[in-house]
Amino acid sequence: MSIHIVALGSECPGGARPGEEAMGQGQLQGGLLWSYLGHGAVAGGPEETSLSNSAFMEYTSRVFGDVTVVVQDCPSWDLLDSDWAGVRSVLEQADILVIKYSVNDKLAFQQVRNGYAPRLRPLLHHWGMPVILVAVGARLNDEGPPCTCPLCASDWSSCVPHSEGLQLSRDLGATYLELPSLNHVFVSRYFGSVLEYFMIQCLKQKANDRPEKRRGNKLNEPRPPHLEQPARLPPIRVEESSFSQDLQWLLERGVQFADVAFYAGDSGKELGWGHAAVLCAVSPYFRQLLLGPKARERPISRCACRGDGRGDGGPPSLLSTWDGGLGKEDGLRPDGHLAGRLSRLVVKDPLLCLCLWETLMFLYRGAWEWEHLQEAMGEKLNNSLAVAQLMDRIRSFLGRDKGPRDTPNARAAQLGPQSLVNLFNSPLYSDVIFMVQGSVLPAHRAVLVARCDVMAAMFSGKYAEARSRVVPIHGVSSDTFLSFLEYLYTDTCCPASVLQAMAVLVCAEMYQVKRLQHLCEVCVCAYLQSMPSRELASTGISVIRLLRRAKCHNAEQLYVWLLHFIANNYLIFSHKPDFLELSEEEREQVERLRWPSRGYLQELSEYQQRRRKLKKSRCLVM
């Protein structure tokens, strides 16, 4: 049996250009396929076809003992313009297509991507032949040694980025490989393993197409071992968001940090407590009422004389301050904690007095559960007209008027977990300042105690932080702590790199925020999984040390995932010096999960030995 491989393109920068001669014997022997076939390759001279330009170089070799491999190599893409019909006839006879280009020849790559790939794509999809797209070479850097990082932007003007090569492979339905050089390791292990896989698939398909010959084979004919797929990486589980529940807890039990008191306008009875920072972040109405001229919007009247009129285009005066009441100045409470500034608000609307608790709950939970709010008010008021009036007044809290587009989905998209985004790193109603490496980070105790149990204990207990407005933070960088605060305020986490994600993970473990820790684990896994094999082999990030840190900081899911990741990329990590840092138990687990397995490699070696012995015995008989 034989396998026909067609190779297009040049792996050398500045390869064969239009009008140049086909590559000679010396250049041929330095090529990718010749390097893979080794000393057994025999050149047969230019292919004798009807092509007007004999640019195909043909050479043969043997693999798997007695399988003949015929390679037709054409480094010049100009042949597709001069004799497209002849090239198409050669491609129709091919079993495997290999497309090569140099990462340092961006002009040639752009010609292939824009000119020749669109002509090949429909044919390749119709024929269904396997295609291998190979990028050869290390990206050049004029200021230093060659850069092997596919994400490096220092040489994008002259080199082909990893993302463009990957996109071309997706367009062609090809398997994408990057080889920094044509040495034995990259050619035989990476390119050779992929090419051998496709050759075995082609042989199986040909054997199925000719069952009469297959039945004539001897029963003791050795069969190649079956390579199992690598084990699936374990998933990282992240808890459901508790953002709304945390703020609900703040409203129900965070009276210690409340700085807004509500009173009934007719009786003066105390109705409840709130937190100015949360109310101002969610509602423009409260922001105007509590901040007055400091608010960005034009302030409305803060006294009760305006009644239900809107005056100046503002919302109706539903609340007012008590005696101009920014209340008591800052000081200490009887329990020793900072009292902050107390604002007293008078609720003048009788319907709002009855449903103030439901309204505050709606605002604290993100101002998006409109149907639930309407249902709760319907049960309490038992009057549809009163419910409609009160819903309109609550819309005024949010600075909105009901219109044709006021649908539940539009309301839900307004705030939600992003209701506190305006408070993040803002001095508005800030009552605590974190000093981190010389940086000043303002924050709000009410949000911190609601979102973080450690912060709640720190600001509620008999600690110095509970009595101080300035809190120093040690052992954490300012960027890391700012990312930690961003999660507390926005319920999102977007680290910029693997190392930044690990730093935020350590900070989350320090303050016992489990969900943030799991989100950072997902980020680390996503960054590592997106790296191609070439970048994993050359990156300065030590996955073994990430494993150590994950174990040290109780990131159990990340620890297990990294062990499986190392095992699935055993050929890459086993050659790194830090592989010896694994403990004996970890090494045993990696060896047990490694891919390809030791048993497969042993079976492959035995299969190759049997093939060689069978070939020798046939030669002796002849």
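Q: Which residues have the most contacts inside the largest nonpolar core?
A: In this predicted model, the largest nonpolar core has 113 residues. Nonpolar side chains tend to be buried together in soluble globular proteins. Those with the most contacts inside this core are Phe434, Phe481 and Phe484.

Q: Which helix gives the largest share of this core?
A: The core in question is the largest nonpolar one, with 113 residues. Its largest share, 8 residues, comes from residues 556–568, which form helix α25.

Q: With which residues is Phe434 in contact, leaving aside its neighbours within four places in sequence?
A: Phe434 is among the residues with the most contacts inside the largest nonpolar core. Contact here requires heavy atoms within 4.5 Å. With the sequence neighbours within four places left aside, the partners of Phe434 are Ser439, Val440, Leu441, Ala443, Leu448, Met455, Phe459, Val471, Ile473, Phe481 and Leu485.

Q: How many residues does the other core have, the one with Leu80 and Leu91 among them?
A: This core lies apart from the largest one. Its members include Leu80, Leu91, Phe109 and Leu133. The number of residues is 30.

Q: Why is strand β5 largely enclosed by the rest of the structure?
A: Ile96, Val98, Lys100 and Ser102 point one way from β5, while Leu97, Ile99 and Tyr101 point the other way. Residues on both sides are buried. Strand β5 (residues 96–102) is therefore largely enclosed, the buried count being 7 of the 7 residues.

Q: Which residue in β6 stands opposite Lys100?
A: Strand β5 pairs in the parallel sense with strand β6 (residues 131–136) over 6 bridges. β5 also runs parallel to strand β1 (residues 2–8), to which 4 bridges join it, and Ile5 stands opposite Ile96 there. In β6, the residue opposite Lys100 is Val134.

Q: What is the handedness of the β-α-β crossover from β5 to β6?
A: β5 and β6 pair in the parallel sense. Between these strands the chain passes through helix α5 (residues 106–127). The crossover is right-handed.

Q: Which backbone nitrogen does a side-chain oxygen of Ser283 reach to within 3.2 Å at the start of α11?
A: Helix α11 (residues 284–291) is largely enclosed by the rest of the structure, because 8 of its 8 residues are buried. Among them are Pro284, Arg287 and Gln288. At the start of this helix, the side-chain oxygen of Ser283 reaches to within 3.2 Å of the backbone nitrogen of Tyr285.

Q: What percentage of the residues in the chain is buried?
A: The chain has 28 helices and 14 strands. A residue counts as buried when its relative accessible area is under 20%. Of the 622 residues in the chain, the buried ones make up 48%.

Technical notes. Residues are numbered from 1 along each chain as its sequence is written. This is a predicted model: local features need pLDDT of at least 70, side-chain atom pairs count only at pLDDT 80 or more; totals for chains, interfaces and linings use all residues. Side-chain values use heavy atoms; hydrogens and water are left out. A nonpolar core is a set of buried Ala, Val, Leu, Ile, Met, Phe, Trp, Tyr and Cys residues joined through side-chain atoms within 4.5 Å. Buried means under 20% relative accessible area, exposed over 50%, partly exposed in between (1.4 Å probe, protein chains only). Helices (H or I, at least four residues) and strands (E, at least two) are DSSP runs, numbered from the N terminus. Two strands pair if DSSP finds at least two bridges between them. A crossover is right-handed if, with the strands pointing away from the viewer, the path from the first strand over the helix to the second runs clockwise. A polar contact is a pair of N or O atoms within 3.5 Å; within protein, one must be able to donate a hydrogen and the other to accept it, and residues adjacent in sequence count only if both atoms are side-chain atoms.
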